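Please follow this walk through the structure shown below, which begins with its aromatic rings and then turns to selected helix residues and charged side chains.

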Amino acid sequence: MTIGLDANTQAFQEPQDGKITAPAIPSDAWRMRHQQRKVHEIPTGLDAAWHYAAGVFTQWIPRRKIYLRHAAAVQVAKGKIKNLTDDRLREQLTEISILFRRRREQLADRIRAAALICEASKRIVGQDPYKVQIAGGLALADGCLLEMATGEGKSLTATIPAILVGWQGRGIHIITVNDYLAARDAQQFAALYKFCGLSVDYVAQEMDPMRRKKAYLAHITYCTNKEVCADYLRDRLSAAPDNAPNGAAQSSADQLRQRQTQRELYFAIVDEADSILIDEAVTPLIISGAEG
């Protein structure tokens, strides 16, 4: 995507006082490119004591209240964009995705992005996330462990962090409990992800290696814990020197990437995390290869 000035935008001008000013462009991409990170000095004396006391007090505030407060702000922001056309909504989604791709987003940007995603979900798939679902999605994006009752809409909740993280372009896995749910959720929300500029696919047990590789290259990949772990072990096995093609002792980076199925592992949302990470974690995953 090219960022520049359109024909109706005035170029940089030099006023009579000698100061160069930039044109006012209401664009997140422009603000991102010219935004400078503020370097904060380490506080000392009374300032240090105040920061320490504020930090201790903040720790006592339940995270649930914090994310519900953010979700309320998302709902307020969503009310301001409900009259946007579909084309304008897509444009704003594209603009704000650049901030996440460059990792320059702030809290206000996350709230606005979540509002745009919720509005898109309402229009594309006919599901408008509730306040608790918005709070849960923001919490998942921050790496929190979330507990939701059956029927509260975990699949819809996962779309919010999936899009926020998917905009970073490094891939995200949504790990479900079986192949049916992986295929169902990927197909159900495919139109929403496409509207937000992301690709989605799923991995099932019967897929061949080339089909799996294609699925892992999508921005968002639905899969089961058994499949993603098995593919990870196969990739580690293929990286062994004994398994190099033509008997070579070492393979180049390009040859290694061609043999591997998965892309790099970056971010994952795990459904039924207590079962997968505790109950099923006691069962070892073993793989073996033919002796060279």
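The structure, a predicted model, holds 1 aromatic pair, where rings of Phe, Tyr and Trp (its six-membered ring) pair if their centres lie within 6.5 Å. The centres of the Phe100 and Trp167 rings are 5.4 Å apart and their planes stand at 55°, so the pair is tilted, planes under 30 degrees apart being stacked, those over 60 edge-to-face and the rest tilted. Distant parts of the chain are linked in this way, 67 residues apart, with Phe100 in helix H4 (residues 86-101) and Trp167 in the loop between helix H7 (154-166) and strand E1 (172-176); helices (H or I, at least four residues) and strands (E, at least two) are DSSP runs, numbered from the N terminus. Phe100 is buried at 1% relative accessibility, and Trp167 is buried at 2%, where buried means under 20% relative accessible area, exposed over 50% and partly exposed in between (1.4 Å probe, protein chains only).

Phe100 is also among the contacts of Arg110, which touches Glu105, Leu138, Ala141 and Asp142 as well, not counting residues up to four places away in sequence; contact means heavy atoms within 4.5 Å. Arg110 lies in helix H5 (residues 107-124) and is buried, with a relative accessible area of 17%.

The charged end of Arg236 sits over the ring of Tyr232, 4.6 Å from its centre, a description that requires NZ of Lys or CZ of Arg within 6 Å of the ring centre and within 35 degrees of the ring normal.

Residues are numbered from 1 along each chain as its sequence is written, and side-chain values use heavy atoms, with hydrogens and water left out. In this predicted model, local features need pLDDT of at least 70 and side-chain atom pairs count only at pLDDT 80 or more, whereas totals for chains, interfaces and linings use all residues.
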